[in-house]
Amino acid sequence: GIPSFVLEMKKRGWDAYALELSRVQAKKIAIKIGKNKVYPGLFEKVKVPINYFSAITFWHVLEHVKDPNKTLTKAKKVLEKGGKIFVEVPNVNSISWKLFKDNYDLLRVPEHLSYFSEKSLKILLSKNGFSNIKVNYPLKLNSAFASSAINMLKRYKNKYVSDVLLVYLFYPFLPASLLLSVIASFWGKSEIIR
């Protein structure tokens, strides 16, 4: 996708590599970080060096893969001894998910194939050989509450609510969404787990 994270890591002195599904996008990223620094294709299938990387990041990846166990098994193999893995995924125990259920904005099947709680993420990581697992709920200001509220109101579209009204209603919900992001982060009920 967008290589902003890997570019930032490179700028900070890391020997940064990227994995990209799209061959066209992989070529664009390679121009920015180096020809042999981008692996095009699926992580589970692409050949990468074993025991090589000191850190691997999966920012909103595990919820998209068919077999998170297979992905993490490979990640464990390509990490050097003492290497770290960083994972960020949607949180099934978020306040917004509990409030909006089927209307929750991050409930995106079939785009998202798996969902995680703190407990299930810890089990998955532990099962795949990772230890010293630390979980947090980072403060990320997002619009999940506002978007979920709009999704809920869409059920009434054509009866009481028009498309134009939905667009205008999003903005009054946004401050509540941002405030909820802050509160939920402290309670461990934010939209994401890291």
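1. Start with the lining of the largest cavity: four residues are nonpolar, three polar and two charged. Nonpolar here means Ala, Val, Leu, Ile, Met, Phe, Trp, Tyr, Cys and Pro; charged means Asp, Glu, Lys and Arg; the others, Gly among them, are polar. The lining consists of Pro138, Lys140, Asn142, Leu180, Ser181, Ala184, Ser190, Glu191 and Ile192. Helix H7 gives the most, with three residues. The volume is about 60 Å³. The structure holds one cavity of 30 Å³ or more.

2. On provenance: this is a predicted model, where local features need pLDDT of at least 70, side-chain atom pairs count only at pLDDT 80 or more, and totals for chains, interfaces and linings use all residues. Numbering runs from 1 along each chain as its sequence is written, and side-chain values use heavy atoms, with hydrogens and water left out.

3. Terms for the voids. On a 1 Å grid over the protein atoms alone, a cavity is a set of points where a 1.4 Å probe fits but cannot get out; a pocket is an open set with protein on both sides within 12 Å along at least five of seven lines; lining residues have an atom within 4 Å of a point. Helices (H or I, at least four residues) and strands (E, at least two) are DSSP runs, numbered from the N terminus.

4. The largest pocket has a volume of about 1,500 Å³. Its lining counts 40 residues, and Ala18, Leu19, Thr57, Phe58 and Val61 are the closest to its centre. E3 gives the most, with seven residues. Helix H1 (4–11), strand E1 (18–20), E3 and H3 each supply at least two. By class, the lining has 27 nonpolar, six polar and seven charged residues.

5. The second largest pocket holds about 550 Å³. Of its 20 lining residues, Lys84, Ile85, Ser131, Asn132 and Ile133 lie nearest the centre. Strand E4 gives the most, with nine residues. The lining divides into nine nonpolar, five polar and six charged.

6. Check the backbone at two non-glycine residues. Asn51 has a positive phi near 50°. It sits in the loop between strand E2 (38–40) and strand E3 (53–59). Asn51 is exposed, at 52% relative accessible area. His60 has a positive phi of about 55°, and lies in the loop between E3 and helix H3 (68–78). His60 is partly exposed, at 29%. The cut-offs are under 20% for buried, over 50% for exposed and partly exposed in between (1.4 Å probe, protein chains only).

7. Inspect the peptide bond between Val109 and Pro110 too: it is cis, with omega about 10°. Pro110 is in the loop between helix H4 (95–100) and helix H5 (118–127).

Definitions and conventions:
Grid points are joined across faces, edges and corners, and a volume is the space filled by probe spheres set on the points.
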